[in-house]
Amino acid sequence: LFLYVPCHRKPERCYHIKGKPMSICSRCLSILLGYLFIPVIFYFSLPFWLGVLLQLPMVIDGYTQLKRWRMSNNVLRAITGLTSGFGLSIIVVESVRFLV
């Protein structure tokens with residue numbers, strides 16, 4: 001499954017298990033873990049704008065890294081990835097509710 005996820009797979013940005021890097025970076029792994037909240041969100045009605053708002057931490061982290069203003073670490077990447085995955089889950093659920 002991880003081979004089909006578009007991820008840069010840089011070893012320094014991946015978690016290591018027994019000295020070997022995982023095949024997916026910490027941010028992408030956390031985004032995928034955030035998708036696990038989709039069934040839970042179906043029971044609660046969360047506003048669409050909250051899902052969009054939860055994308056901002058990852059965008060800011062990624063942009064400041066891209067501009068080389070600072071270096072992020074795996075913990076921050078995991079936190080921003082998890083909030084993004086949770087936010088994307090809200091967007092998906094609320095979009096489905098709107099379409100149905």
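This section describes the fold of a predicted model and the packing of helix α1 against helix α5.

The protein chain contains five helices and two strands. The chain has 100 residues, of which 35% count as buried. Among contacts in the chain with a separation of 6 or more, 68% are between residues 24 or more positions apart.

Helix α1 comprises residues 26-34. Seven of its nine residues are buried, so α1 is largely enclosed by the rest of the structure. The buried positions are Ser 26, Arg 27, Cys 28, Leu 29, Ser 30, Ile 31 and Gly 34.

Helix α5 spans residues 74-99. The axes of α1 and α5 come within 7 Å and cross at roughly 30°. Because angles under 35 degrees count as roughly parallel, α1 and α5 are assigned as roughly parallel to each other. Their crossing is right-handed. On the α1 side, the contact is made by Ser 26, Arg 27, Ser 30, Ile 31, Leu 33 and Gly 34. On the α5 side, the contributing residues are Asn 74, Arg 77, Ala 78, Thr 80, Gly 81, Leu 82, Ser 84, Gly 85, Phe 86, Leu 88 and Ser 89. By residue class, the contact of α1 with α5 consists of six nonpolar, nine polar and two charged residues. Of the α1 residues in this contact, Ser 26, Arg 27, Ser 30, Ile 31 and Gly 34 are also listed among the buried residues of the helix.

Asn 74 of helix α5 takes part in the contact with α1. Asn 74 has a relative accessible area of 18%; since the cut-off for burial is under 20%, Asn 74 is classed as buried. Two polar contacts involve the Asn 74 side chain. One, at 3.3 Å, is made with the side chain of Ser 26, a buried residue of α1. The other, at 3.0 Å, joins the side chains of Asn 74 and Arg 77. Arg 77 is likewise one of the α5 residues in the contact with α1.

Methods:
Residues numbered from 1 in each chain as written. Predicted model: local features only at pLDDT ≥ 70, side-chain atom pairs only at ≥ 80, totals over all residues. Heavy atoms only, no water. Axes fitted to C-alpha atoms, helices over the stretch in contact; angles between N-to-C directions. Helix = DSSP H or I, 4+ residues; strand = E, 2+ residues; numbered from the N terminus. Parallel < 35°, antiparallel > 145°, perpendicular 65-115°, else oblique. Left-handed = near helix turned anticlockwise from the far one by under 90°. Contact = heavy atoms within 4.5 Å. Nonpolar A, V, L, I, M, F, W, Y, C, P; charged D, E, K, R; others polar. Buried < 20%, exposed > 50% of the residue type's maximum accessible area, 1.4 Å probe, protein only. Polar contact = N/O pair within 3.5 Å; in protein donor to acceptor, adjacent residues only side chain to side chain.
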